[in-house]
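Subject: Structure handover

Hello,

Here is the structure for you to look through. My notes on it come after the sequence and the model.

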Amino acid sequence: VETGDKKVAFSFDASWGAERTEKILEILKENEIKTTFFLTGFWVEAYPEYVNLIAQEGHEIGNHTLTHPHLNSLTGDGIREEIKKVEQMIERISGQRTTLFRPPFGEYGNEVIEVATGLGYKTIQWSIDSLDWQNLTRDEIIERVTSRAHEGAIILLHNNGLHTADALPGLIDYFHDRGYEILPISELIYDQDYHIDPNSGAQIKNK
């Protein structure tokens, strides 16, 4: 998001494992931070207690498809089914109706966007990939994110990255020490009167 305000969003994709999720939630709670968790259907099915906990802690839940497929290889009906099925699972367990959608692997085409939009979703990418999924060390994650920090950043993290929870306090301190507010994605992005920059993919407020 192109903004003149010192605001960023942390987002956590959940598509494997949960043993580090509670530690992440504890750190966020200690720092009074709300974030966005994008959940896959097979993760929701395996860890309904954590879906509930994420919602109870006041975090935003986003849709990350049912099975984490390559959406560009699916038909429109297939894309729709991937989104709707996990939407229903999340709402049944947590009571939250998802309105943000993150395509697996960051892959999308016109049909993916059109189907998601037709279902009432905003499609969300990221501007900083922490690469925590590559098992970077705590310090490498912090260095990678902070060296790319900018106003309006959406930061990609994972709930079960090997060193994500260890890096999280350092990331929070970095942004707070510089006067940044850390928000859920829906509180960072523009809801209306904006356009998308075709080169950067960033939201820009209409003048």
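This is a predicted model: local features need pLDDT of at least 70, side-chain atom pairs count only at pLDDT 80 or more; totals for chains, interfaces and linings use all residues.

Helices H1 and H7

Two packed helices are described by the angle between their axes and the distance between the axes. For H1 and helix H7, which spans residues 164-177, the axes come within 9 Å and cross at roughly 15°. An angle under 35 degrees counts as roughly parallel, and H1 and H7 are therefore roughly parallel to each other. The crossing of H1 past H7 is right-handed.

Which residues in H1 and H7 meet? On the H1 side they are Lys23, Ile24, Ile27 and Leu28. On the H7 side they are Thr164, Ala165, Asp166, Leu168, Pro169 and Ile172. Sorted by class, the contact between H1 and H7 is made up of seven nonpolar residues, one polar residue and two charged residues.

Aromatic rings

There are seven aromatic pairs in the structure. One of them joins Tyr174 and Phe175: the ring centres are 5.2 Å apart and the planes stand at 85°, so this pair is edge-to-face. The cut-off behind that label is an angle of over 60 degrees between the planes.

Are the two partners buried or exposed? Phe175 is buried, and its relative accessible area is 0%. Tyr174 is partly exposed, with a relative accessible area of 21%. Buried means under 20%, so the value of 21% puts Tyr174 in the partly exposed class.

Tyr174 and Phe175 also belong to a cluster, in which ring pairs link them with Phe10 and Tyr180.

Positive phi angles

Glu32 is not a glycine, yet has a positive phi of about 55°. Glu32 sits in the loop between helix H1 (21-30) and strand E2 (36-39), and is exposed, with a relative accessible area of 75%.

Asn135 is another residue other than glycine with a positive phi, here near 60°. The loop that holds Asn135 runs between strand E6 (128-129) and helix H6 (138-146). Asn135 is partly exposed, with a relative accessible area of 46%.

Regards

Note on methods: Residues are numbered from 1 along each chain as its sequence is written. Side-chain values use heavy atoms; hydrogens and water are left out. Rings of Phe, Tyr and Trp (its six-membered ring) pair if their centres lie within 6.5 Å; planes under 30 degrees apart count as stacked, over 60 as edge-to-face and the rest as tilted. Buried means under 20% relative accessible area, exposed over 50%, partly exposed in between (1.4 Å probe, protein chains only). Helices (H or I, at least four residues) and strands (E, at least two) are DSSP runs, numbered from the N terminus. Axes are lines fitted to C-alpha atoms, for helices over the stretch in contact, and angles run from 0 to 180 degrees between N-to-C directions. Angles under 35 degrees count as roughly parallel, over 145 as roughly antiparallel, 65 to 115 as roughly perpendicular and the rest as oblique. A crossing is left-handed if the near helix is turned anticlockwise from the far one by less than a right angle, and right-handed if clockwise. Contact means heavy atoms within 4.5 Å. Ala, Val, Leu, Ile, Met, Phe, Trp, Tyr, Cys and Pro count as nonpolar, Asp, Glu, Lys and Arg as charged, and the others, Gly among them, as polar.
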